[in-house]
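I opened my notebook to look up a few things in this structure.

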Amino acid sequence: MSPNNVSKATTAPTSTLTPRPAKRGKSLAEAVVSQFTQRIRDGKLSPGDKLPTESAIMEETGVSRTVVREALSRLQAAGLVETRHGIGTFVLCKPNESQTLIGLTSIDTLQDVIALMELRIGVEVEAAGLAAQRRNYNQIKELEATLTKLRECEKLKTDSTSADFQFHYLIAQATGNKHYTDILNHLGTNLIPKTRIETDRVNHEHEDIFAAIARADAEAARAAMRVHLANSRERFRKLQADMDTLTDTN
């Protein structure tokens, strides 16, 4: 649909969006994604229709703005909607019944976290190398600013999930290959484990990755990312083993 037709787009009435509690094992963002995917599939939202505003979705579903934005990001990454800055978010296509959106699975257990780490090693190691080769000055400054946020979160003992995700997303963005950012968008903040351990060590690993990318050393960037993700995987494997031992003794 051309920009000239934007004013004619049908805006879905927000009153028809019925909030549903997230099912067990399902994140709030997943629940919102499922609602909109189903409405598009059922024809209640057609290609060209404008989605309700973030505020309207928040009011109707009772979730936070962060959750709404993550859900919209996943829908956009899946090619179901597009966001036009200053205008709104519009439906692009109707999903097939067999269409599977990767990244919508909840990461609820340590086994889930470990499996995700294995996937991330396969994807993000090469992304770091490409980022070192292709990054520009502005991207270096954005990564540096995100590192500062991570240090502040560590100092204040506040949640660093958003800043951590942003750090990895910026690296994917610096590759210049949209498929890397698409993968991270699909996964959303599920990418970052909710259980954080050894935050100081993790941030030192982030700094090693940044330093290699900043000096355009592709091999060092790959090595630093591999060390970071492999260490994270091993930290969670150890935590899982400790929990299994505790269970056995009880």
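A cavity is a set of grid points where a 1.4 Å probe fits but cannot get out, and its lining residues have an atom within 4 Å of a point. I kept in mind that this is a predicted model.

Entry one: cavities. I searched the whole structure and found 2 cavities of 30 Å³ or more. I picked the second largest cavity, with a volume of about 40 Å³. Which residues line the second largest cavity? I listed Val123, Glu124, Ala127, His168, Ile171, Ala172, Tyr180, Leu184 and Met225. Helices α4 (110–134), α6 (161–174) and α7 (178–187) each give two or more residues to this lining. I sorted the lining by type and got 7 nonpolar, 1 polar and 1 charged.

Entry two: the hairpin. I moved on to strand β1 (residues 81–84) and strand β2 (residues 88–91), which pair in the antiparallel sense over 4 bridges. Thr83 stands opposite Thr89 in β2. The hairpin has 3 residues between the strands. There I noted that Gly86 takes a positive phi near 85 degrees.

I found Val91 in strand β2. Is Val91 buried or exposed? Buried means under 20% relative accessible area. Val91 has 3% relative accessibility, so Val91 counts as buried. I then looked up its contacts, leaving aside neighbours within four places in sequence. Val91 touches Ile40, Leu45, Ser46, Pro47, Gly48, Asp49, Leu51, Leu80 and Val81. Last, I checked Gln76: Val91 and Gln76 are 15 residues apart in sequence and 9.2 Å apart in space, C-alpha to C-alpha.

Terms used. Residues numbered from 1 in each chain as written. Predicted model: local features only at pLDDT ≥ 70, side-chain atom pairs only at ≥ 80, totals over all residues. Heavy atoms only, no water. 1 Å grid on protein atoms, 1.4 Å probe; cavity = no way out; pocket = protein on both sides within 12 Å on 5 of 7 lines; lining within 4 Å. Points joined across faces, edges and corners; volume = space filled by probe spheres on them. Nonpolar A, V, L, I, M, F, W, Y, C, P; charged D, E, K, R; others polar. Pairing = 2+ DSSP bridges. Buried < 20%, exposed > 50% of the residue type's maximum accessible area, 1.4 Å probe, protein only. Contact = heavy atoms within 4.5 Å.
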